[in-house]
Amino acid sequence: MKMIKVETEEKSKAWSVAWYLRDHWEAIANNKPILSMLLVVGFALSFAIPQFNLVNTYIQIIIMYIGINIILAASLNIVNGYMGEFSVGHAGFMAVGAYVSSLLTLHVFPSSLGFLFFPLAVIAGGVVAALVSLIVAIPSFKTRGDYLALITLAFTFIVKSLIENIKPLGGPRGIVGIDKLTTMPWVFFWTVLSLWVIRNFIYSNYGRGVLSLREDEIASRLMSVNTRQTKFLAFALSSFFAGVAGALFAHLLQYISPRVFDTVKSCDILVMVYLGGIGSIAGSILGATIYTVLLEILRPLGMFRMVLMPLLLVFLMIFRPRGIMGLRELRWFVPIQELNVVKRWRRRKKVTDANSAS
Amino acid sequence: MYAVQQFINILQLGSIYGLIALGYTMVYGIIRLINFAHGDLFMVAAFISYILAVYLKLPFIPTLLISVVFVAMLGMSIERLAYKPLRQAPRVSVVITALGVGLFLENFVLLFYPYPQVVPTLLPTINWNLGGVTVSFLHVLIVGLALLLMLILDLIVNRTMVGMAMRAISWNKTIVPLMGVSVDKIISITFILGTGLAAIAGVMYSQAFSTIDPYMGILIGWQAFICAVIGGIGNIRGAILGAFILAAVQILVVTFLPSTYRDFITFTLLLVFLAFRPYGILGKPPIEKV
Amino acid sequence: MKKTVVVLLVTMLTIMSMVLVGCKSSAELTIPIGLNAELTGGLPIVGASCKNAALLAVKEVNDAGGLDVGGKKYQIKLFIEDNAYKSDQSVAVTQKLITQDNVVAIIGPNASAMAIPPSEIAETSKVLMISPWSTNPATTIDSKTGQPKKYVFRACFIDTFQGKLDAKFAMETLGAKRIAVMYDVADDAGVGLSKYFKETVEQMGGNIVAFETYTSGDKDFSGQLTKIKQANPDLIYLPVMYNYVPVQIKQAHALGITAKFLGSDGWASDELIKLGGKDVEGTFHTAHYAPDIATPIAQNFIKAYNTAYSSVPDDVAALTYDSFGMLFESLKTAGKVDRQAVRDALANMAHYEGVTGTLQFKEGSGDPIKSAVILETKNGKFVYYATVQP
């Protein structure tokens, strides 16, 4: 009896918080400092939760997986969402990052100082993944759309096969015994960093180039957008963070093998991006969170879980083909100049509409 | 003779890839969709043939016909329900939908058959020994059937009105309805043909390899897709060519190198090939008008 | 629209956190034990047998009033998790069992490829893990130090023993001189077995004429089998899981191969006969126990299993039952529900009389010294052929 009462109390609290947010959304959205406050609180929590065991270890692991998936979804969003390409090879870059960082922490760095060298290993994983992505970027200059899908797909298989055949990389059985160096503060740090970098990239000149590539590649070339450089940058950035996510993943699961990074994983990341919304950072956060949490909550359903998920996905695609947030963005993430431009544009439109009406 | 035996293996594997690749290429040619659920329809056909053979104890030909009709209808319904509403949406959404449909089919079948099943052999097992080379009746049937169907398909596409409509849609979708052709009908017919072929491949595959499981469609689907692309996606003869090339590469690699290199070599060759000729062997680069 | 999204998100997150927080298990006079099995994926029969035997073992104890530990009676609470025959899932559910469900010990996984990664987690988290069926030596050896792990045990013999005895059987009993091998590179059990088998055959003066590989998921073996046919072997050794054997032997016969076939304990499932039919007639394989030479202990188990599940228990079921038996014994000896105490009690157990024979644990090793049996596929059934002592 006691349990139920507590639940309803908490539930009504949740509803009231939700309604409050909804009514005051405009004020909150425009109040950018709230974002900085949330970040500070989040950072503090990321230390407090593991220290004082505010939630049990399993949920801590889930939270860390959410963070890693956010990085994956946001980075894939650069290529698939903002640039409008169709890359299905994200798991391959993740694999590169995971393997490079694991090999570094296992064999190169002294294990006692592991936690000091961990950021180095993660960065190394990301850098190597970015370098490898250039190999994929080159064929992409000549091809578009579906051929790129094929190239990235082939790339995933090649990475998988390569790892399986090179014995020092563990072969098909993978690498065991990786130290658990991924902690919540690290995940939080890398998630915030990646979102910040990606958001800055999108709203910079290069980002404009990426957006224009999506709309019309030939027209952008005519408008002096250096398409090659832009494609390189987009791929490199996207794979860098995929590698980072892979490194974090490896040091959380403590075990990696080629089978973990197969096409199914790429499809999972794809689903997260399209679920949350293409071309939107808030969308990536949403998609990653919903997907990870939903999969865990629906675990008791057993087999039905995997029947329901794709069905939901299909329905979502039919009714909202661009995803939940599709091409729209949370106002906190948009730089002030953008918002001002939109405001000014709207004001002018109102004026012109009024003029043409009268 | 060793080489001849391997050649026969290549013919058999290539025929199965070819039947599935044809479906991919036809659908892509018409509506520019990579139907990732294609491999899973292949799997469904195999399971339907299992159900018919085990529970209704039907002989080969009725099993084949009923499975094919059922899966062809299923393919058409999927097109109507899931792909048609997205004709105006960005292409990637349709692809994700196709992925979703595929996943759904796999897990739906998994609900009923979590264990691999064995399909009873409905064909006589006759082996002919020609000077050291063993050829089975099944080998001959698969290759023969595949070649026959490819010929018929080629005829349909190039010599009939329906085929002409299909080709017209693949060139310019907007003008075709103005000419009095029902685009929906043609697309449905394309799906029926394409999925029907995959269904035949499914039934023959289950006869040749007897054990079926819900995940068998995934890898074969991707491989058939590669065949279609190598040959030039949208091109029927290209799909057949690509299928035999891929089968040849796979079997030859296994013959000379440890089998773990198979995927690696196959995909690296593919990547290199695409870097130089992205439109496939028989494909034509699309002319982009600015 | 934006507001609705925010409302949705916040409510979902809050409800979620409540659900998850409310899911803390209460342990009053129950002993939580984890089961990590291959319920879905490539080896569902193995998972089903494991689960059935586990449920039977737990039911027997609970129906008798519970397990007597340190003077109090405890009910056994079994947490069953599915590793879906994927190693990362296997690791994830192990972590879940250890941290969320707070189990005192974990039984499983069965397949070596599934068991090796979580064994590292069990070792570092200091939780007892018993694998009923994993035969690859690496499961109980610490990959970093090369020493036996302290917290990981198994109920079966290991591949160094099995590979050797398979080689001896092939050459001495079956009289084969030219032997071909085909195995799955992604399956640890097969990789280890092929290595030890080859070493022993060559030591005994035999000739390995072909050493072919394939990867998990492959369906077409015509390339490898054609190569094997070319080498003309007397016997083909297939240390692979039961789900591949029927396809491989059928394809071999279709190519006109007439060699004998020998398999490992991965064959031990009735599914093999069901899927293989006439093609697997006359083949041999090693197994952990044989129902037709059952000891009284084994007969009781077989009867109970048959009554509950209308089928004869296979290797995996018998070994799982023994794993639980050993765990219950250790709990009783330990006198308290504590991970370290249970582990110590098991390590000090000199020997255990189980369904699959006498298990003897040497000092410091998690691998029992046991004998193996060889089964022949005759008239559509597995029939006892011989016993091999260590």
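Analyst: Two strands are said to pair if DSSP finds at least two bridges between them. By that rule, in this predicted model, strand β10 (residues 260-263) of chain C pairs with strand β11 (residues 284-287) of chain C in the parallel sense, over two bridges. Within this pairing, G263(C) is opposite H285(C) of β11(C). The path from β10(C) to β11(C) includes helix α9 (residues 270-276) of chain C, and the three elements form a right-handed β-α-β unit.

β10(C) also has strand β9 (residues 235-238) of chain C as a parallel partner, here over four bridges. I236(C) has F261(C) in β10(C) as its bridge partner. Between β9(C) and β10(C) the chain passes through helix α8 (residues 245-254) of chain C, in a β-α-β crossover that is right-handed.

Turning to where chain C meets chain B, 29 residues of chain C are in contact with 26 residues of chain B. The two chains bury about 2,300 Å² between them, with 55% of that on carbon and sulfur atoms. On the chain B side, 22% of the buried area comes from Y2(B), Y115(B) and F209(B), more than from any other three residues. Between chain B and chain C there are zero salt bridges, and one residue pair is in polar contact across the interface. At least two residues each of the chain B side come from α1 (2-31), β1 (117-118), α7 (183-209) and α9 (236-256) of chain B. The largest share, five residues, belongs to α1(B). By type, this side of chain B has twelve nonpolar, twelve polar and two charged residues.

Key
Residues numbered from 1 in each chain as written. Chains lettered and ligands numbered in written order. Predicted model: local features only at pLDDT ≥ 70, side-chain atom pairs only at ≥ 80, totals over all residues. Heavy atoms only, no water. Contact = heavy atoms within 4.5 Å. Buried area = accessible area lost by both parts, 1.4 Å probe. Salt bridge = Lys/Arg side-chain N within 4 Å of Asp/Glu carboxyl O. Polar contact = N/O pair within 3.5 Å; in protein donor to acceptor, adjacent residues only side chain to side chain. Nonpolar A, V, L, I, M, F, W, Y, C, P; charged D, E, K, R; others polar. Right-handed = clockwise from strand over helix to strand, strands pointing away.
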